[in-house]
Amino acid sequence: MGNLLGCVKVDQSTVVIKERFGKFNEVLEPGCHCMPWFLGSQVAGHLTLRLQQLDVRCETKTKDNVFVNVVASVQYRALAHKASDAFYKLTNTRSQIQAYVFDVIRASVPKLLLDDVFEQKNEIARAVEEELEKAMSAYGYEIVQTLIVDIEPDEHVKRAMNEINAAARMRLAANEKAEAEKIIQIKRAEGEAESKYLAGLGIARQRQAIVDGLRDSVLGFSDNVPGTSAKDVLDMVLITQYFDTMKEIGASSKSSAVFIPHGPGSVRDIATQIRDGLLQASAPQ
């Protein structure tokens, strides 16, 4: 009905290209416009001014001969004041943008190693955006932003990269485990050394206490029982200890101790050996 009455409605964020007798006449903004078709005016087409996005997947090769798929996302829109250029100068805008993206990516990525491609994806996106901006501005389009949204190496390469990373982490874990075991062994050795040192101190104090006790016993017995010598008192103490030991061995049914020699008459030999040892230890060097 609008065409019959010579009126045309233009939606928001859209412009209409108006021609008169097949020649560009003007760009119609959103709203209602008079279109006298009987005077040769007609609508050549509509052009959206909305932001559009094009995802481009490009396969290329890196400097270390690894094939990767680089996915670039280009956001663009037509400029209202250059709507005639955007409508008439390009037949297929998306194909044009895709060609420029292919050209820049395949010129940039082969100069980089695979690891550098991941690290410098922002620089690659910037190069694509600058090239598109220079090319598409002449056709009435604005490049809003270009992003490298994905970099996909071959599946075997990804698996190898994961294995390298896993091996490095396992090596680090092994080093940490070895250091931990080293610390444990050092601490255990330090503990054993301290334990033996304290045990030695205990044995030395025990022996000193035994010697002090024997000395006090000998002196006390000699003072209280006139006519007894230190030898007699020491023999008596040793015999008493001998029978106490035999009593303790016999009291335990599961004892595995063996006391050799076990005769009471051999106590004298033991006493002689102990006495000689004490005399030698106390003799001046």
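This is a predicted model: local features need pLDDT of at least 70, side-chain atom pairs count only at pLDDT 80 or more; totals for chains, interfaces and linings use all residues.
**Entry 1: salt bridges**

I started with the charged pairs. Side chains of opposite charge can pair when their charged atoms come close. I found six salt bridges in the structure. I looked up three of them, listed below.

**Entry 2: Glu-26 and Lys-18**

I checked the pair Glu-26 and Lys-18. They form a salt bridge, with the closest N and O atoms 3.4 Å apart. Is Lys-18 buried or exposed? Lys-18 counts as buried, because its relative accessibility is 7% and the cut-off for buried is under 20%. Glu-26 has a relative accessible area of 33%, so I noted it as partly exposed.

**Entry 3: Glu-142 and Arg-77**

Next I took Glu-142 and Arg-77. Their side chains meet in a salt bridge at 3.0 Å, N to O. Which parts of the chain does this pair link? Glu-142 sits in strand S8, residues 141-153. Arg-77 sits in strand S7, residues 67-78. The two residues are 65 apart, and I logged the pair as a link between distant parts of the chain. I then read the accessibility of each partner. Glu-142 is partly exposed at 25%. Arg-77 is partly exposed too, at 34%.

**Entry 4: Lys-134 and Glu-131**

I moved on to a pair within a helix. The side chains of Lys-134 and Glu-131 form a salt bridge, 3.8 Å from N to O. Both residues belong to helix H5, residues 121-136. They are three residues apart, about one turn of the helix. Lys-134 is exposed, with a relative accessibility of 61%. Glu-131 has 28% and counts as partly exposed.

**Entry 5: Asp-55**

I then turned to Asp-55, which lies in strand S6, residues 52-61. What does Asp-55 touch, leaving out residues up to four places away in sequence? I found Ala-72 and Ser-73. The contact with Ser-73 has a polar part: the two side chains make a polar contact of 3.0 Å. A polar contact of 3.3 Å also joins the side chain of Asp-55 to that of Gln-53. Asp-55 and Leu-147 are 92 residues apart along the chain, and their C-alpha atoms are separated by 9.4 Å.

**Entry 6: the sheet**

I followed S6 into its sheet. The sheet is open, has three strands and runs in the order S6-S7-S8, with antiparallel pairing. Why is one side of S6 and of S8 left without a neighbour in the sheet? Both strands stand at the edges, so each has a single partner strand. On average, neighbouring strands of this sheet are turned by 20 degrees against each other, direction ignored.

How many bridges join S7 to S8? I counted eleven, and the two strands run antiparallel. I also looked up a facing pair: Val-70 stands opposite Ile-151 in S8.

Helix H3, residues 93-108, lies across S6, S7 and S8. H3 runs at about 35 degrees to S6. H5 lies across S7 and S8. The angle I noted for H5 is about 145 degrees, taken to S8. H5 is also the helix that holds Lys-134 and Glu-131.

How values were computed: Residues are numbered from 1 along each chain as its sequence is written. Side-chain values use heavy atoms; hydrogens and water are left out. A salt bridge is a side-chain nitrogen of Lys or Arg within 4 Å of a carboxyl oxygen of Asp or Glu. Buried means under 20% relative accessible area, exposed over 50%, partly exposed in between (1.4 Å probe, protein chains only). Helices (H or I, at least four residues) and strands (E, at least two) are DSSP runs, numbered from the N terminus. Contact means heavy atoms within 4.5 Å. A polar contact is a pair of N or O atoms within 3.5 Å; within protein, one must be able to donate a hydrogen and the other to accept it, and residues adjacent in sequence count only if both atoms are side-chain atoms. Two strands pair if DSSP finds at least two bridges between them. Axes are lines fitted to C-alpha atoms, for helices over the stretch in contact, and angles run from 0 to 180 degrees between N-to-C directions.
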